[in-house]
Amino acid sequence: MQQSYFLGGVTAGGFRTRFSEQIQQPGFYTYILKGGPGTGKSTLMKRVAAAFDGEPISLYHCSSDESSLDAVVLEDRGVVIVDGTAPHVFEAKYPLVSQELVNLGACLDKKKMQDAGEEVRQAADENAQWHQRARQYVQAVTALHQDLTALGNHALLHQKLTGFGERLAKRTLPKARGAAGSISYRQLSALTASGYVTQSLPPDYQITELLDPLYTASDTLLRQLAAQACKRGLHVIASENMLFPEPMLEAVLLPELKLVFSARTPIRQEETPNAVHMHMTRFYHKELLAQRKQRITFDRKAALALAEEASSAIANALTVHDRLESHYIDALDFDQVSRIAEDLIAQIRARS
């Protein structure tokens, strides 16, 4: 079974990821791929995933290019393969003990790269400029989201929501079973070249969507459910919306129960098929929301428009990246990359 996530995403402060937590899991061994764009990192990871098809695998996509993989985790084998180049730089903390570097840059023809040096520099600089523009738009989106959550906090009926959360946890979660559970963070949604995208969930999961116009009530309820699930000994997978000064919870997955609670908000409007809907407006003070209706409407519309501009900038960066990548592809020894991939697959099988 395969489940897709994003490795991370653009935020007001630049690219952000929690994937280092995945690498640091006890008992996991990580292969960190190094090399420029177009050196076969994503292709290698797809070959590894195909070689172990049928096993539990987590695929981590690139938010700048959804078709590209940034990481593959072979869950049962305790093996991670991750792209360790900028903007998500990972290094081997315990070389050949818990991690090792795989240098695909060694498969490049140095002379060809030097001959294309000027074009590579120009494309790399232009790519960086488009990403900088995307971050500037995201900074504005984040400021508007901060205002929306401030309004939401002011109008939130805390006691009513907390009481509902306790009853919901009692109704949907099992009784405590001794040892406390755990929580890990994996990114289901990200701002991409095609908008704010959420990865599909397993078809056999029961999904409850929290319809929330202000983010605050859903974040509060999701945190309460996550805490209650951990107290009951369950493992929780939490996904954050990073387009806030402090990330807001956007989804809570309970794999052992095959349950998902996810927020449907102004930035994440796509409806999940067969989901049960829970309207969160009942947990806000209606009169206070009415008093701020014009401001709320402005914040939502402006944030969406700016998010679209950020996505457009990411799309332009991707176009330039493809041009940059073409120089590396032209200089790449594909046979050598293929040999490295086969050797890596053999190493993984031998580890098991």
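The second largest cavity of this predicted model has a volume of about 40 Å³. Its lining is formed by Tyr 215, Ser 218, Asn 241, Met 248, Leu 249, Glu 250, Ala 263 and Thr 265. Strand β14, which spans residues 248-254, provides the largest share of the lining of the second largest cavity, namely three residues. By class, the residues around the second largest cavity comprise four nonpolar, three polar and one charged.

The largest cavity likewise has its own volume, given as about 40 Å³. Here the lining consists of Gly 9, Val 10, Gln 187, Ser 189, Ala 190, Leu 191, Tyr 196, Met 242 and Leu 243. Two strands, β2 (8-11) and β10 (189-192), each contribute at least two residues to the lining of the largest cavity. Of the contributing elements, β10 gives the most, with three residues. The lining of the largest cavity contains six nonpolar and three polar residues, and no charged ones.

As to the total, the count comes to three cavities of 30 Å³ or more.

Terms used. Residues are numbered from 1 along each chain as its sequence is written. This is a predicted model: local features need pLDDT of at least 70, side-chain atom pairs count only at pLDDT 80 or more; totals for chains, interfaces and linings use all residues. Side-chain values use heavy atoms; hydrogens and water are left out. On a 1 Å grid over the protein atoms alone, a cavity is a set of points where a 1.4 Å probe fits but cannot get out, and a pocket is an open set with protein on both sides within 12 Å along at least five of seven lines; lining residues have an atom within 4 Å of a point. Grid points are joined across faces, edges and corners, and a volume is the space filled by probe spheres set on the points. Helices (H or I, at least four residues) and strands (E, at least two) are DSSP runs, numbered from the N terminus. Ala, Val, Leu, Ile, Met, Phe, Trp, Tyr, Cys and Pro count as nonpolar, Asp, Glu, Lys and Arg as charged, and the others, Gly among them, as polar.
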